[in-house]
Amino acid sequence: MLRKFSFLILVLLSIGLIGLVVAIVTELALLYPAASMQNLAAGFNTGNPMPAPLTEKFIHKLNFYTYATYNFWPIWIAILFASMLVYSISNKLLSGGKTQNFMARIHLLENKLANKEKSLEQESTDHAALLARIEAMYQHSPEAYILLTPAGAVEKFNPAAERFFKALVGQDAALINRRIQDLMPSFTETGLERLFTQIVEKKAVWQGEIQLQDTPIWLMLKFIHAGDAGIIVLFRDISRDHADGATLKTSDALVQQILQQTPEPMAVLDADWNIQRVSPALLSITGKSQADLINKPLKNTIMLERFSNIQSDLEAGTPFNREEEKLILNEKEVWLKWGLYPWQDASGSRGGYLLFMEDVSELHNTRNRAESKKDAEHALAYQDALTGLPNRQLFNDRFNMALAQAYRQLGKIALFFLDLDGFKAVNDTLGHDAGDMLLKEVATRLKSCVRDTDTVARLGGDEFTIILWIREPKDADIVANKIIESINKPFDVGTKQAHVSTSIGVAIYPLHGEGAADLMKKADTAMYAAKTSGKNRHVYYNPTLDLDDEAPTSEAKSET
């Protein structure tokens, strides 16, 4: 706005000056029309160039313009110079980089917003397709689904549920807005009504088998609290599984046989948390006898962490699993994976709980050893073995994270690409051991030139990179000069001294680019320009450097 205003003032002043000249010329033309030009010429020839009346009138006009020009010209000149000064300052502000930086941020945000809008459109399409597939599965499922309100009224059902209830209560049964208590016989007597109330209050999940009163129908039922959507009821007719009752007659013997043969620690508890049956593996791991455990409360015999915190959830029908827990059993430290699961009797009531345990001590110790080994391998994978600096992979990770943070905070990052001048000569004359010693000292000096929040990395050979957080480009100048001065000092390599210098290419985010690979390429190009322009200096990237199509690769540069 300031720039536009100053430019407008300059235009108006120019128009005013031109108007003053035009006015003077016009007045002269009016005083001396073309018809009297011959008389005027004759007057000049005779020594009397202007008639007296015209002379008086012309002098009057001329005095007016002379007065205006003589008395007001300092004001005209002051306004003119003030406008030029404002125009110059506004131009300098606009060229200082801050506005360009901000405009670059706006451009990036616009691109990100456009990409986000496309992503949201695609997500909306995918979501609609997913809902359509879910609805198709719901409609064609052989299992019955009902959606209930917290009061138990039917809101939605699938065709399988409609067929079941029409067969159960009549062909003309209307399901919408009817209570499940009215549709399902013995809902109250079997305890399902009380269970449904607990599911609503505690937002729990329950599953079990139930026989409808006065019918041969057995159902596998599952209640799922789905939040604001309501209560989902899933059920399936399993009457055929209970036709002869043989399973119920042999279940006790079967459970006992399973417990005796299972290699895992396992116990069966009743509804009051008293241990009823145990496996031999449980006796072995706890170092207790059956007399110590049978008909004894679980919490008095086996102390499990968090048991008191999960007891109420288990009583509501919610199973619990613990992946790893350290316990002292039979006077030794063991790591256990354990779980407690509610079980229901034939009527669907809570019969008790199943305790499963697994000794994972060896697995835990093996995993700890593997993690320690993995941590060591990770350090080697991300660290330069010679200098201890981050290697190329870790540098790329940190650079991408730094760019993401700078984008969010509208910050600036200077990327330094350094190559040592004369390093090959040190290797050739003093040997590779001397070269390695020099590289280690270079790493130490580079780290001393930057802050702990900056990153110094070695890409390989004598190439180093630095991720430097800056506020203004002059901050990068200060650090670059400090590095050059430090590297110019002699290096003690064994009993001898070596001398090298460094050429530094600098690319600044976001002025020179926004992507990690793009900025690396531009910093590398600027480093090559520093070498070709005399070495031992730093050069900022600019687009004219890209015109050199025959610039050698970094490998070729490192030979210089």
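The crossing of helices α16 and α17 is right-handed, a word used when the near helix is turned clockwise from the far one by less than a right angle. This is a predicted model, where local features need pLDDT of at least 70, side-chain atom pairs count only at pLDDT 80 or more, and totals for chains, interfaces and linings use all residues. Residues are numbered from 1 along each chain as its sequence is written, and side-chain values use heavy atoms, leaving out hydrogens and water.

Touching here (heavy atoms within 4.5 Å) are V442, R445, L446 and S448 of α16 with K482, I483, S486 and I487 of α17.

Now for the sheet. It is open and mixed, with five strands in the order β12-β13-β11-β16-β17. Strands pair if DSSP finds at least two bridges between them, and the edge strands β12 and β17 each pair on one side only. β12 and β13 run antiparallel, joined by five bridges; T455 has I467 of β13 as its bridge partner.

Here are some elements to find, as DSSP runs (H or I, at least four residues, for helices; E, at least two, for strands), numbered from the N terminus:

| Element | Residues |
|---|---|
| Strand β12 | 455-460 |
| Strand β13 | 463-470 |
| Strand β17 | 538-540 |

Finally, helix α18 (residues 516-532) lies across β11, β12, β13, β16 and β17, at about 145 degrees to β16.

Conventions:
Axes fitted to C-alpha atoms, helices over the stretch in contact; angles between N-to-C directions.
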